[in-house]
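Hi there,

Here is the structure I promised to pass on to you. Have a look at it first, and then read my notes below.

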Amino acid sequence: MLKKYGAKYGTAAKYTAFDGAFKVTKWTNTSEKWTAVKNPYYYAKSAVKLQKLNYQVVKDSNTAHQLFQQGSLDDAAVSGTTAQGLQNNKNLYHLYRSGNNFVKLNMAKGAVLANKQLRQALYLAVNRTQLSKKVLANGSPTPSQHQMPQRIQPVARTSQQQRSQKKLTMLPRLKSSGKLA
């Protein structure tokens with residue numbers, strides 16, 4: 001593919017290759033919306049029931065929630081105060097993902113945080129549980145003390161179960177029928 005497309009590879013959907021159940025269309029490297037359509041060359045294409053998925057980047061949790069409520073999105077991630085306000089919502093679904101968030105400190109020479117002992121003191125002083133529950137407020141599991149995620153996403157519900165449930169999920173994601181935030 002690199003030989004075929006050269007420097008254009010990966011800059012737009014038409015300059016990429018896909019071997020999975022879907023292939024991306026209507027995307028450029030600056031797009032905040034794109035579509036994935038059923039890949040006719042996928043080895044198990046008869047097992048793929050969806051024809052198309054529409055994706056939209058929504059950077060603000062509150063905006064994602066509003067779009068979900070309006071029916072513009074079928075699935076939306078919510079966090080922070082938006083997530084806190086939805087704890088009793090019947091559509092809220094906590095989705096744990098295998099990943100970590102971290103804070104990278106400015107350790108440039110001469111910067112205050114270049115001091116190793118100060119960084120170690122901050123490491124010990126930060127209450128990760130409170131940070132997770134009160135600041136992130138996204139249903140994150142027990143905070144990690146290392147780079148490897150502590151919890152891996154269990155096997156997903158069957159597609160029949162997913163189709164029959166309209167859910168707001170939490171890492172958080174709001175779910176309904178097919179568009180993803």
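**What I found**

The protein chain contains six helices and seven strands; both are DSSP runs numbered from the N terminus, with helices (H or I) needing at least four residues and strands (E) at least two. Starting at the N terminus, their order is α-β-β-β-α-β-α-β-α-α-α-β-β.

Please keep in mind that this is a predicted model, where local features need pLDDT of at least 70 and side-chain atom pairs count only at pLDDT 80 or more, while totals for chains, interfaces and linings use all residues. Residues are numbered from 1 along each chain as its sequence is written, and side-chain values use heavy atoms, leaving out hydrogens and water.

Of the chain's 181 residues, 25% are buried (under 20% relative accessible area; exposed is over 50%, partly exposed in between, with a 1.4 Å probe and protein chains only). Among contacts (heavy atoms within 4.5 Å) with a separation of 6 or more, 49% join residues 24 or more positions apart.

How many salt bridges are there? The count is one, taking a salt bridge as a side-chain nitrogen of Lys or Arg within 4 Å of a carboxyl oxygen of Asp or Glu. The partners are K59 and E32, whose closest N and O atoms lie 3.0 Å apart. K59 sits in the loop between strand 3 (52-56) and helix 2 (61-69), and E32 in the loop between strand 1 (22-25) and strand 2 (33-38), so the pair links distant parts of the chain, 27 residues apart. K59 is exposed, at 70% relative accessible area, whereas E32 is partly exposed, at 38%.

Happy exploring!
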